[in-house]
Amino acid sequence: MLIDTHVHTDHSDGLHSVRRVIGDAAAAGVGLLSITDHDCVDAYPAALGLAKSRGIRLVPGVELTTKDEKGCSCIHIVGLGIRINAKMRRVLRKITEARGASDRGFLDNLNRYFGARHGGWKPTGGIKPSVFHNMMANARSQNIRISEKEMMDVFLKPELWTPIAYELTVDEAVSRIKEWGGVPVLAHPFDFSNDVRVVFDRFLAAGGEAVELCKYRYKARSDALDGLSMPQLMKKEREMNEWTIGIAKKHGLKLTMASDHHDGRRA
């Protein structure tokens, strides 16, 4: 049975509807699936019925985006097997509203940044499905050549960020997931060019319980992956996941399998 415990829909930054994501999973032979939209559980409960109709066991999930801390930028923690209720939805709504307000200010700063460097830059509009996706698409439409890694380097410039009124630390994210009856899983630990050892130490100190093996071949946003050919990416992906397995065994962490599906490329 194929397993995928980390996929996204158009309720957060995925490009496809819940129905299509579940249909694609069924067509691929996935028997156990978790929809883990960013700070959002709006795919549920409808997704449960759709999955059942396609013979898929669906595990309720969410992916929490944590506050930047020293050495840990853009750490994402997946919660699997969570119990969805009104109280949880209120917490997530508070997170997404704060991040949405921040993203709109961030987008304004990005448009000014690119406008100063590319004459005639046509501003990117909208923060859905994500500021990153929209900036990449807009740059391509204007024939501006920029890789995902180069765009991420711009995104990580602190002077472009805008304050987020409410966000969770790694400790708080792990605690919330446990409060909601779920298992906290460290998502794609090698992403975003953090020192993976620092990330693991932070996650373990917070009480994390699992880590995912990830399809890194589509994540060219880190120094370790930028510029590699597909065969090289596949080799590097294996090395990263083998290292993760070793760390999981050392610390007694569970392992999950994840595509981080956002669109057809990551199916």
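How do the residues lining the second largest pocket divide into nonpolar, polar and charged? The count is 14 nonpolar, 3 polar and 8 charged. Here Ala, Val, Leu, Ile, Met, Phe, Trp, Tyr, Cys and Pro count as nonpolar, Asp, Glu, Lys and Arg as charged, and the others, Gly among them, as polar.

A few ground rules come before the rest. The model is predicted, so local features need pLDDT of at least 70 and side-chain atom pairs count only at pLDDT 80 or more, while totals for chains, interfaces and linings use all residues. Residues are numbered from 1 along each chain as its sequence is written, and side-chain values use heavy atoms, with hydrogens and water left out.

Back to that pocket. Rolling a probe the size of a water molecule over the atoms shows where empty space is left. The search runs on a 1 Å grid over the protein atoms alone: a pocket is an open set of points with protein on both sides within 12 Å along at least five of seven lines, a cavity is a set of points where a 1.4 Å probe fits but cannot get out, and lining residues have an atom within 4 Å of a point. Grid points are joined across faces, edges and corners, and a volume is the space filled by probe spheres set on the points. On that basis, the second largest pocket has a volume of about 560 Å³. Its lining is made of 25 residues, and Ile3, Asp4, Lys215, Ala258 and Ser259 are the ones nearest its centre. Two or more lining residues come from each of strand E1 (2-7), helix H1 (18-27), E2, strand E7 (210-214), helix H8 (230-251) and strand E8 (254-258). Helices (H or I, at least four residues) and strands (E, at least two) are DSSP runs, numbered from the N terminus. H8 gives the largest share of this lining, with 5 residues.

H8 also holds glutamate 242. This glutamate 242 is partly exposed, at 47% relative accessibility; buried means under 20% relative accessible area, exposed over 50%, and partly exposed in between (1.4 Å probe, protein chains only). Glutamate 242 and leucine 213 are 29 residues apart along the chain, with 8.7 Å between their C-alpha atoms. Aspartate 223, in the loop between E7 and H8, counts as exposed at 57% relative accessibility. From aspartate 223 to lysine 149 there are 74 residues in sequence, but the C-alpha to C-alpha distance is 7.7 Å.

Among the residues lining the largest cavity are Cys74, His76, Leu186, His188 and Phe192. By class, that lining has 7 nonpolar, 3 polar and 1 charged residues.

Phenylalanine 192 turns up again for its backbone: its phi is near 70°, a positive value in a residue other than glycine. It sits in the loop between strand E6 (183-186) and helix H7 (196-205), and phenylalanine 192 is buried, with a relative accessible area of 8%. Serine 193 is found in the loop between E6 and H7 as well, and its phi, near 65°, is likewise a positive value in a residue other than glycine. Serine 193 is partly exposed, at 34% relative accessible area.

One runs from tyrosine 44 to proline 45, with omega near 5°, and proline 45 lies in the loop between strand E2 (30-35) and helix H2 (46-53). Another runs from lysine 128 to proline 129, with omega near 0°, and proline 129 is placed in the loop between helix H3 (86-117) and helix H4 (131-141).

At the start of H3, a side-chain oxygen of asparagine 85 reaches to within 3.2 Å of the backbone nitrogen of lysine 87.

Finally, the cysteines: the structure holds 0 disulfides, a disulfide being a pair of cysteine sulfur atoms within 2.5 Å. The sulfur of cysteine 40 is 19 Å from the closest cysteine sulfur, in cysteine 74, which is too far for a bond. For cysteine 72, the closest cysteine sulfur is also in cysteine 74, at 11 Å, again too far for a bond. Cysteine 40 is buried at 8% relative accessible area, and cysteine 72 is buried at 2%.

Definitions and conventions: Polar contact = N/O pair within 3.5 Å; in protein donor to acceptor, adjacent residues only side chain to side chain.
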